[in-house]
Amino acid sequence: MSKTIKIFKNTLTYKLLSSLAKDSIDWLETLGLIGINLISALRCIATGCINLKNTINQSAIFGFDSLLMTLSMVGISGMIIALQIAYEMVKQGAGDYVGMLVTVSIIREIGPIMGSFAVISMVGSSMAAEIGTMKVTEQIDAMRVLGVDPIYFLIVPRILAGFFIMPFVIILANTVGIIGGMITTNIVSELSVLNYIDSVWRGLSGKDIFVSLLKACIFGGMIALISSSLGYKTQGGAKDVGRSTTKAVVWSFVAVVVVDYIISLLFFE
Amino acid sequence: MLIQLKNIYKSFDDKIVLKDVSFDVNAGETLAIVGFSGSGKSTILKIISGLTLPDSGNIKLGDNNIGMVFQYSALFDSLNIYENVAFALKERKEFKKLYTEDQIKEVVKEKLRLVGLSDIEDKVPSELSGGMQKRVSFARAIVTNPKIILYDEPTAGLDPVSSTVIEDYIAQLKSELDAASIVVTHQMSTIKRTADRIIMLYDGGIVWQGTPDEMAQSTDSYAHQFVNANREGPMRTAAG
């Protein structure tokens, strides 16, 4: 019997199954930790346990570190959308709708999604690496021994910064995206800037802007929560900090896409 | 009695790290915990400081205010030296109410002076040598005047002279604060210069205890092997 078990343990099927089981446990652990940290952070916020200085510092980091990247990504995305549609639409006599289409695409999806991707790569990864390094160098243990809750000192300020600063970043990014679309439209088609702007105004709706900002708030807070939590989960050394950072980026990407789908379903179905 | 541990058991996964460990430490006393790497020394400190929970056993602490000096200092590298030392006073609710910013500045200055440092408040940890970082971590650990101080390999990675300086500070702080101190170490010089009592851990349990003088003269096979750094004896290291 034990020989059969030994042979089975050497098979590829066993190795695949055990690897799958290990990944599933790790996945559930991560999800659990994110949930626990969210509850602890919300409890902290509800009781007014907020480190204002850290929140302001993190807000500055959140805004400035990702701004150029976010504006570039959303701006270029707006240009690409215009490039794909402007020439053909103007040729078909639908030039009046180019600005509207670019605006709706940018505000509803491209701005929040591409903006979040930029923030994940610039800010989220750095958060996970910083907190991960603090964990493996016992700085977080030191904080706890000194009687200070790392959730209060490290995670809550980052979540608040993400939640409140991300909308500003996305408003700017959306604007740059629409302007990018305008420049490209003007270059590839005969549509005038005034016609494009007129079309943009007709495309703008309060609901779209509200949903875009709602997404920005949720994505910002979520990126900070996931990145901080995965950094906090780090154990080991430098290699594990790298692994946590990669995981933080992957988890944040997936979470943003999934939550974007749910919000879009709720508001635009 | 400020620290009392009774029948502590702790394991990580399948590995038993501590089994039936009991000891106590009085005010003004320094206990050295010695043993080979991986013998569970640091786990005891983590249990006392609340960083890890034991699987079973009782811990009684006479004071919840604990200072701890970490093996590699563990200074907050995003904060300067002043902010590091003042951390507990600025961030802990009970101290926030007690101190004004000017008073915190005074306390930080005094604690840094106690460990022989001055005019470094604006520097960041990476600008200091290993020995200075260790002294800053001492200042940070005692800023709240704790009655329990834990040292995790305080002289690890330091040159002999810096080690002596650190050992002198451990002895000095003990007398100034009248604290119960636990020093985890495997350096004989640290044991001789700081400890009142020693317990030796091996394989998760206490295999010998006594004073530094008793250790030096002991014929006990464990104590003898440790003092003389013999490969032959009842203890085996992870290195073989």
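# Aromatic pairs and strand pairing

User: How many aromatic pairs does the structure hold over all chains?

Analyst: This is a predicted model: local features need pLDDT of at least 70, side-chain atom pairs pLDDT 80 or more, while totals for chains, interfaces and linings use all residues. Residues are numbered from 1 along each chain as written, chains are lettered from A and ligands numbered from 1 in written order, and side-chain values use heavy atoms, without hydrogens and water. Rings of Phe, Tyr and Trp (its six-membered ring) pair with centres within 6.5 Å; planes under 30 degrees apart are stacked, over 60 edge-to-face, the rest tilted. Over all chains, the number of aromatic pairs is nine.

User: What is the angle between the planes of A:Trp27 and A:Trp251?

Analyst: These two rings form an aromatic pair. Their centres are 5.7 Å apart. The pair counts as tilted, and the angle between the planes is 35 degrees.

User: How many residues apart are A:Trp27 and A:Trp251?

Analyst: A:Trp27 belongs to helix α2 (residues 12-46) of chain A; helices (H or I, at least four residues) and strands (E, at least two) are DSSP runs, numbered from the N terminus. A:Trp251 lies in helix α9 of chain A. The pair links distant parts of the chain, and the separation is 224 residues.

User: Is A:Trp251 buried or exposed?

Analyst: Buried means under 20% relative accessible area, exposed over 50%, and partly exposed in between (1.4 Å probe, protein chains only). A:Trp27 has 47%, so A:Trp27 is partly exposed. A:Trp251 has 16% relative accessibility, so A:Trp251 is buried.

User: What is the centre to centre distance between B:Tyr202 and B:Tyr222?

Analyst: This aromatic pair is tilted too, with 45 degrees between the planes. Centre to centre, the distance is 6.2 Å.

User: Which strand of chain B holds B:Tyr202?

Analyst: B:Tyr222 lies in helix α9 (residues 221-227) of chain B. At 22% relative accessible area, B:Tyr222 is partly exposed. The pair links parts of the chain that are 20 residues apart, and B:Tyr202 is in strand β8.

User: How many residues of β8(B) are buried?

Analyst: The strand has six residues. β8(B) is mostly covered, and the number of buried residues is five.

User: Which residue in β8(B) is the bridge partner of B:Leu31?

Analyst: Two strands pair if DSSP finds at least two bridges between them. Strand β3 (residues 30-35) of chain B and β8(B) pair in the parallel sense over five bridges. For B:Leu31, the bridge partner in β8(B) is B:Arg197.

User: Which residue takes a positive phi in the hairpin of β8(B) and β9(B)?

Analyst: β8(B) and strand β9 (residues 205-210) of chain B run antiparallel, joined by five bridges. B:Met200 stands opposite B:Trp208 in β9(B). The hairpin has two residues between the strands, and the residue with a positive phi, near 55 degrees, is B:Asp203.

User: Which residue in β4(B) is the bridge partner of B:Gln4?

Analyst: Strand β1 (residues 3-12) of chain B and β4(B) are antiparallel, with five bridges. For B:Gln4, the partner in β4(B) is B:Lys60.

User: How many helices does chain A have?

Analyst: Chain A has zero strands. Of the 269 residues in chain A, 45% are buried. The number of helices in chain A is nine.
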